[in-house]
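Me: I'd like to learn how to read a protein model feature by feature. Could you take me through one?

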Amino acid sequence: MKVRAGALALGLAVVVAGPVAAQGHAGHGADHQDMHAAPPATGLRAELIRDVEQLERKYMGLARAMTGKYDWRPAEGVRSAGEVFGHVAGANFMIPSMAGVSVPESMAASSMQEGMRRMRELERSGDEARILESLEHSFRHATHALADVSDAQLEEQTKMFGQDVTKRQVLTLLVMHMHEHLGQAIAYARMNGVTPPWSEGGN
C-alpha cells in the first residue's frame, strides 16, 4: 500500500486522537524489558524485527554523522536533515498505535490538532540531542511493538487512513516507512559530503 507523506501525517494525527490499547510502554522513562512480550524467534515479526535492528544501526549512524548539519535542506519547503530524523522518530512512535500499541506519554495526544503539534514540534525542534535521543527511543518502541502484537493478532482488522486493514499491514507499513526515509537520509548525507558509516571502503 503506497502512502503519501501528507496522508501519513493526517493518519497519525487521527490515530493519536483516539484511544489505544495499553500494550506498549507508557513513557520515555518506562522503557523496561519486562513490560514487553519476548521477541519472536521465527515468522514475519521476527523478520521485521531483524530488519528494524539493521535500520536502527544505519539511522543512528547517519544521524550522528550528520550532527552540525541538521538545519541543511536541499530546497526551500523541503524537510531539513534534522526534520527527516524527527519525522521518522514520530512515525515510529505513532504508526504502531494503529495496531493498538500505546504511544509513549511524551507523544500521546487527545486531539488531532495536539497530535499534529507534537509531531511538528519534534521535527522542527532543531535540538540535535533531543532528536538523537527521540530517534533511538523510537526504534526501541518500534521493536517492542513488533514483539507485543502477537502472531494471533496479525490478521485482526483495524483502521489505517480510513481503510480497513490488518494489523500485519500496519506493522509492514512501519518498516516500509523507515526504508523510504532512509534513502532520503542517505541522499542528504551524500550531498553534504558525509559517507554512510556502514559503506565499505568509503564508497
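Reply: Happy to; we will go from the overall fold to helices, helix packing, salt bridges and aromatic pairs. Please keep in mind that this is a predicted model.

Me: Let's begin with the fold. How many helices and strands does the protein have, and what pattern do they follow along the sequence?

Reply: There are six helices and two strands. Read along the sequence, they come in the pattern α-α-α-α-α-β-β-α. As for burial, 48% of the 203 residues of the protein count as buried.

Me: What happens in the backbone just after α6?

Reply: Gly193 takes a positive phi there, of about 75 degrees. The segment after α6 also holds Thr195, which counts as partly exposed because its relative accessibility is 33%. The C-alpha atom of Thr195 is separated by 9.7 Å from that of Met66, although the two residues are 129 apart along the chain.

Me: Now helix packing. How is a pair of packed helices described?

Reply: Two numbers do the work: the angle between the axes and the distance between the axes. Take α2 and α6, which pack at about 25 degrees with their axes 10 Å apart. That angle is under 35 degrees, so α2 counts as roughly parallel to α6. The crossing of α2 past α6 is left-handed.

Me: What would the description be for α3 and α5?

Reply: Their axes come within 8 Å and cross at roughly 30 degrees. This makes α3 roughly parallel to α5, and the crossing of α3 and α5 is left-handed.

Me: On to salt bridges. How many does the structure hold, and how should I read one?

Reply: It holds seven salt bridges.

Me: Which residue does Lys167 meet in a salt bridge?

Reply: Its partner is Glu156, at 2.9 Å from N to O. Lys167 lies in helix α6 and Glu156 in the loop between α5 and β1, so the bridge ties together parts that are eleven residues apart in sequence. Lys167 counts as buried at 10% relative accessibility, whereas Glu156 is partly exposed at 33%. Lys159 and Asp164 form another of the salt bridges, with their closest N and O atoms 2.8 Å apart. Asp164 is exposed, with a relative accessible area of 56%.

Me: Last topic: how many aromatic pairs are there, and how do I read their geometry?

Reply: The count comes to three aromatic pairs. Read the centre-to-centre distance together with the angle between the ring planes. Tyr70 and Phe85 form a tilted pair, 5.6 Å centre to centre with 45 degrees between the planes. Tyr70 is in the loop between α2 and α3 (81–94) and Phe85 is in helix α3, 15 residues apart. Tyr70 is buried at 5% relative accessibility, and Phe85 is buried at 1%.

Me: What geometry do Trp72 and Tyr188 show?

Reply: Their pair is edge-to-face, with centres 5.3 Å apart and 80 degrees between the planes. The pair links distant parts of the chain, since Trp72 sits in the loop between α2 and α3 and Tyr188 in helix α6, 116 residues apart. Trp72 is partly exposed, with a relative accessible area of 22%, while Tyr188 counts as buried at 6%.

Terms used. Residues are numbered from 1 along each chain as its sequence is written. This is a predicted model: local features need pLDDT of at least 70, side-chain atom pairs count only at pLDDT 80 or more; totals for chains, interfaces and linings use all residues. Side-chain values use heavy atoms; hydrogens and water are left out. Helices (H or I, at least four residues) and strands (E, at least two) are DSSP runs, numbered from the N terminus. A salt bridge is a side-chain nitrogen of Lys or Arg within 4 Å of a carboxyl oxygen of Asp or Glu. Buried means under 20% relative accessible area, exposed over 50%, partly exposed in between (1.4 Å probe, protein chains only). Rings of Phe, Tyr and Trp (its six-membered ring) pair if their centres lie within 6.5 Å; planes under 30 degrees apart count as stacked, over 60 as edge-to-face and the rest as tilted. Axes are lines fitted to C-alpha atoms, for helices over the stretch in contact, and angles run from 0 to 180 degrees between N-to-C directions. Angles under 35 degrees count as roughly parallel, over 145 as roughly antiparallel, 65 to 115 as roughly perpendicular and the rest as oblique. A crossing is left-handed if the near helix is turned anticlockwise from the far one by less than a right angle, and right-handed if clockwise.
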